[in-house]
Each structure stands twice: as C-alpha cells, then as structure tokens.
2 protein chains.
Amino acid sequence: MERQFDEELKHLKQMLLRMADTAQEMTGLAVRALAERKEDLIGQVFKLEESVNKMEIEIENDVLRLLALRQPAASDLRLLTAILKINNDLERVADQACNIAETAEYLLKEPPIKPLIDIPSMAEFVQKMIRRSIEAFVNHDPVLAQKVCEEDDKVDQLNEKIFRVLLTYMMEDPKSITRAVDLILVARNLERIADHATNISEDVVFIEEGKNIKHHAQETK
Amino acid sequence: MERQFDEELKHLKQMLLRMADTAQEMTGLAVRALAERKEDLIGQVFKLEESVNKMEIEIENDVLRLLALRQPAASDLRLLTAILKINNDLERVADQACNIAETAEYLLKEPPIKPLIDIPSMAEFVQKMIRRSIEAFVNHDPVLAQKVCEEDDKVDQLNEKIFRVLLTYMMEDPKSITRAVDLILVARNLERIADHATNISEDVVFIEEGKNIKHHAQETK
C-alpha cells in the first residue's frame, strides 16, 4: 500500500509538471501575440486555459481521493496540502496569461506605441521562474526554490523599468495613454505570475526544510 | 468524537470570520488613508497584516491536525479543503490591501489630482462582498454565494468607470500621469479583492450544491 501511495504521488507530480508547462506556455503565447502582433496566438491561449481548468479539477479530485482512502501520515499530508496550493497557484498563472491575451486582443486593434522588448524578456524570465519552482517541488530541491524566491527582486526591477519607459511615452503623446496603461497592466500580470512562482517556491522550502519562510523571511535572514 | 469534530470545525469557521473581518478592515483603512489623506492609517494596515499572517498559519495548522487525527469522511474532507482555499484567498485579500497602503504611502507625498469618490465606493462594495462570501460559507448559504458571484460584474463596471475618468485627467495634464496610473492600480487591487470574494463564493456553491460552477458557469446557465 505504501508503494501504491508513492505511485499515486508520482502521478500527481507529473500532472503538476504538465499543468505548469501549459500555464507557462500560455504566458509565452499571450506575450508573443502582443509583441509580434499575431492574433491567431490569442485563441491558442484561451484553448489551453480549458485544459488547465480540467487539470486543476482532476488534481484536486485525486488529492481528495488520496486523503480519504490512504489517511496519510503527517509528512505526506503536508505534501498533499502543498499540491492543492500549487494547483491553485498554477490555475491563477493561467488566469493571468488569459488577462494578457485579452489585453493583446484589444491592443492589436490599435497601432503599436513602440516595439516591445522588455515585456518579452520579463515574460521569458517569469516563465522560467514557474518552471523552476515546479522542478524544485518535484525534485525536493529547496536550494533551487530559494533561488527562485530571490529572483523576484529582478522581476520588480523589470516592472519598474517598463513603467518608467512607458511613462515617458505617455508624457510625450497623450494619445498613447490608454495603450501605455494597458502595457503597464501586462507587466503587472507578469509580476503576479512571478508572485505565484515565489509562493510555490516558499511552499517547497517550507516542506523541505520544515520552516515557514513566507512570513518570517526578514527574521531568519 | 463526531461532536468534537463539529466543535473544531466551528472554531475554524470563527477564525475564518475573524480573518475576513480583519482583511476587509485593512481594505477600508488603506482606501481611507488614500482618500482622506490620513497617513497614520497606513501603519495600521501593515500592523493588521501581521495578525492576518498569524491567523493564516494557525488555520492551516489546525486543518492539517484535523486531517491527520480525525480522518474525516468525504464531505468533511471537502469542507476542510475549502477552508484551506478560503484561508489562502483571505491572505491574498490582505496582500492587496497592503499594496493599496503602499501606493497610498507614495501618493500622500504628492498633491491630489482630484477628490476620490468612486474608489471609496468600490472599496465599500468589495468589502461587503468579502463579508458576504464568508457569511455564505459559515451559514451554508449557496443563494447568498451566488449573489456575490453576480456582483462581480458591478465591480468590473466601477473599475471601467474609474479608468475612463482618470484617463481624461491624464490627457488634460500629463504631469498627473504617474499619480493617475497609481490610482488605476488601486482600482485593480480592489478588483482582485472582488475576485477573491468570487472564488470563495464559488467554493461555497460547489460545496453546498455539489457542482463546480467555476469552470462550467456558461454551460449550466
């Protein structure tokens, strides 16, 4: 029975990996749609969201079934709770990607203010954070998780930079304001995705090192 | 033993109510700090966040302990999982309130662009959504929960209105752009809080009516 439980955990982790892959792919597609002005990519994002939603429900049901049938010990319980949380974070990453796709849908009807360079780099960066946070979870790697947490500062800097550059465009040409604000919101969406990667990584550190860095980060440093 | 489980569930629900009260109070304080230009309220928001963080950890530990000790049946399991999720949503509401407080901190150093009217009404509205979503949970009231879900449209309209009004200010006076964008982001933070109230309400409908309206809202309508 113990071995069967391990098998089921392994299956759950594989599903989380697939879900993370899909959510970060959606992020990449939504930003490419926007930056490369490829409208057909927007539909792909919404299509992938449906499969993320299905995966979320499947994972949640599997965890509940495992909880009910196997009555796991404390450490496995913590693992299963973490899977529920990570599941939730990944679904919200997918939501943010959809928000970006919706903004892209609107922005592609207007002429571009400028070529987008920083937003695609920010997207690549946060996509990597999502991938690495799940890898850290699956491979029990708190060191990698800690690294992902630290990368959040870089994301804040990128976000700040994007904001400042767009501000100058708005100042120079008030007609660009609506579009510039939309781009600022896209950067915010990416920042939220990085937050989810950080949440996941904090959960990994918590499980692996048995301490909660989330609310005590300052004290333990 | 069954009765003791009920007692513990009751205690958990009371903690969630307290946490929801605190999170919505933080939202109100942060927006009042901004609208009434009362800097001292900002510190109160950050202070309350500490207690929300403590409550989050306490609730999570209690749920895990209950899961491990009581090995609850399927329906109680779903309830406990919902508590974990709601706990997470409320902590994120508190996070959004802190974001607003941080923005207020910056904006109070600058002269106001305009008297704020719509943002405080939006705040009141989403505070009520949070309270009602938790009431729906505690009182097993899927009808109230459904109402909260429907209120999300009103929030989107308010958000849209705030955006349009601020846009005109930016167009007329480019020097107001930074502050106007900050106010747009405050409205976004409030919109996110409404999203959490909607998430909680969807969980309530799911538990009480045993159907997942989250991803099937369109199909079942």
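**View 1. α4(B) passes α6(B) in a left-handed crossing.** Left-handed here means that the near helix is turned anticlockwise from the far one by less than a right angle, with clockwise making it right-handed. Helices (H or I, at least four residues) and strands (E, at least two) are DSSP runs, numbered from the N terminus. This is a predicted model, in which local features need pLDDT of at least 70 and side-chain atom pairs count only at pLDDT 80 or more, while totals for chains, interfaces and linings use all residues. Residues are numbered from 1 along each chain as its sequence is written, and chains are lettered from A and ligands numbered from 1 in the order in which they are written.

The axes of α4(B), residues 118-138, and α6(B) come within 9 Å and cross at roughly 15°. Axes are lines fitted to C-alpha atoms, for helices over the stretch in contact, and angles run from 0 to 180 degrees between N-to-C directions. That crossing angle makes α4(B) roughly parallel to α6(B). The cut-offs: under 35 degrees is roughly parallel, over 145 roughly antiparallel, 65 to 115 roughly perpendicular, and the rest oblique. On the α4(B) side, look for residues including Ile119(B), Met122(B), Val126(B), Met129(B) and Phe137(B). Among their partners on α6(B) are Leu183(B), Val186(B), Leu190(B), Ile193(B) and Val204(B). Contact means that the C-beta atoms of two residues, placed from the backbone, lie within 7 Å. The α4(B)/α6(B) contact comes to 18 nonpolar residues, two polar and no charged.

**View 2. Helices α2(B) and α3(B) run roughly antiparallel to each other.** α2(B) covers residues 40-70 and α3(B) residues 74-107; their axes come within 10 Å and cross at roughly 165°. α2(B) goes past α3(B) in a left-handed crossing. From α2(B), the contact residues include Ile42(B), Phe46(B), Glu49(B), Val52(B), Glu56(B) and Leu67(B). α3(B) answers with residues including Leu80(B), Asn87(B), Glu91(B), Cys98(B) and Glu105(B). Sorted by type, the α2(B)/α3(B) contact has 16 nonpolar residues, one polar and five charged.

**View 3. α3(B) also packs against α6(B).** Here the angle is about 170° and the axes are 10 Å apart. α3(B) and α6(B) are therefore roughly antiparallel to each other.

**View 4. Chain B meets chain A.** Each chain puts in its share: 23 residues from chain B and 23 residues from chain A. On the chain B side, α2, α3, α5 (142-172) and α6 (177-209) each supply at least two residues. α3(B) gives the most, with seven residues. The chain B side that touches chain A divides into 14 nonpolar residues, seven polar and two charged.

**View 5. Arg37 has a positive phi in both chains.** Most residues other than glycine have a negative phi. In Arg37(A), phi is near 50°, and in Arg37(B) it is about 50°. Arg37(A) is in the loop between α1 (2-35) and α2 of chain A; Arg37(B) lies in the loop between α1 (2-35) and α2 of chain B. Arg37(A) counts as partly exposed, with 13 C-beta neighbours inside 10 Å. Arg37(B) is partly exposed too, with 13 other C-beta atoms within 10 Å. Buried takes 20 or more other C-beta atoms within 10 Å of a residue's own, exposed 12 or fewer, and partly exposed is in between, with C-beta atoms placed from the backbone.

**View 6. Arg70(A) sits in helix α2 (residues 40-70) of chain A.** Arg70(A) has 18 C-beta neighbours inside 10 Å, so it counts as partly exposed. Thr168(A) is 98 residues from Arg70(A) along the chain, and their C-alpha atoms are separated by 59 Å.

**View 7. Chain A has seven helices and zero strands.** The radius of gyration of chain A is 19 Å, close to the 17 Å that the globule rule gives for 221 residues, so chain A is as compact as a globular protein of that length. The radius is taken over C-alpha atoms, and the rule is 2.2 Å times the number of residues to the power 0.38. Along its principal axes, the C-alpha trace of chain A spans about 65 × 40 × 20 Å. Buried residues make up 40% of the 221 in chain A. Among chain A contacts between residues at least 6 apart in sequence, 80% join residues at least 24 apart.

How values were computed
Nonpolar A, V, L, I, M, F, W, Y, C, P; charged D, E, K, R; others polar.
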